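User: Hi! I'd like to learn how to read annotated sites and helix packing in a model. Could you walk me through an example?
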Amino acid sequence: MQQTEATEKVIIGVDPGTQIMGYGVISVKGQQISLVQYGVIHLSKYTTHELKLKKIFERITQLIEDYLPDEMAIEDPFYGKNPQSMLKLGRAQGVAMAAALARNIPIVEYSPKKVKQSVTGSGSASKEQVAYMLEKILKMELSKEFMDATDGIAIAICHQYHANSPATIATGSSKKSKKGGWGAFVSENPSRVK
């Protein structure tokens, strides 16, 4: 009897930011998750928001070319009190998504609470608690200087957990939309979109 080798799936997780953007690339073979790369994109040195967006697009595009991910998982911007900050964060997320869409890579968004809950069991976990659990999951030590990058890794792992959950497989949920997202709204309310 021949044994078929498990296929590899590569997922890039992105934690959008306008000062620091974290990312993590994981490889999944069967049930084995391994870390391929993680890091941050430092954006505070760029003087205008346009330059930051350009750098995000170039760097995410380079990561996609280097690691050829099959899927992208990205964190939803959380709702804050400052509309300008939200607008800038949304643009940063959009530019990272555009880099993936330009390469036909499916994207799924997750809320910060969902990511923390998936990795630690608590939606209100601290960055330190997330990093601790990631070290246990990956069975390796992670650099403390890249706390924003650990968020990127957590987003990728959250996606792996949810993409392969029995509920997702049973319902055949699309990987391109999230429950309650813009895609779901459009499909549920076609008469409200012009």
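Predicted model: local features only at pLDDT ≥ 70, side-chain atom pairs only at ≥ 80, totals over all residues.
User: Which residues does UniProt list for "active site"?

Analyst: The unreviewed UniProt entry lists Asp 15, Glu 75 and Asp 148. These residues span 134 residues in sequence, yet no two of their C-alpha atoms are more than 11.9 Å apart, so they gather at one spot. Asp 15 and Glu 75 are also included in the lining of the second largest pocket.

User: Is Asp 15 buried or exposed?

Analyst: The general idea is that under 20% relative accessible area means buried. Asp 15 has 7% relative accessibility, so Asp 15 counts as buried. Asp 15 lies in strand S1, residues 8-15. Beyond its neighbours within four places in sequence, Asp 15 contacts residues including Glu 75, Lys 127 and Asp 148.

User: And where does Glu 75 lie?

Analyst: Glu 75 lies in strand S4, residues 71-75. With 12% relative accessibility, Glu 75 counts as buried too. Leaving aside neighbours within four places in sequence, the contacts of Glu 75 include Asp 15, Tyr 110, Val 115 and Ile 155.

User: At what angle do helices H3 and H5 pack?

Analyst: Angles from 65 to 115 degrees count as roughly perpendicular. H3 (residues 112-120) and H5 (residues 147-163) pack at about 75 degrees, with their axes 9 Å apart. That makes H3 roughly perpendicular to H5.

User: Which residues of H3 and H5 meet?

Analyst: From H3, Lys 114, Val 115, Ser 118 and Val 119 meet Ala 154, Ile 155, Cys 158, Tyr 161 and His 162 of H5. By class, this contact has six nonpolar, two polar and one charged residues.

Notes
Residues numbered from 1 in each chain as written. Heavy atoms only, no water. UniProt positions renumbered as here; feature names shortened; annotations may be inferred. 1 Å grid on protein atoms, 1.4 Å probe; cavity = no way out; pocket = protein on both sides within 12 Å on 5 of 7 lines; lining within 4 Å. Helix = DSSP H or I, 4+ residues; strand = E, 2+ residues; numbered from the N terminus. Buried < 20%, exposed > 50% of the residue type's maximum accessible area, 1.4 Å probe, protein only. Contact = heavy atoms within 4.5 Å. Axes fitted to C-alpha atoms, helices over the stretch in contact; angles between N-to-C directions. Parallel < 35°, antiparallel > 145°, perpendicular 65-115°, else oblique. Nonpolar A, V, L, I, M, F, W, Y, C, P; charged D, E, K, R; others polar.
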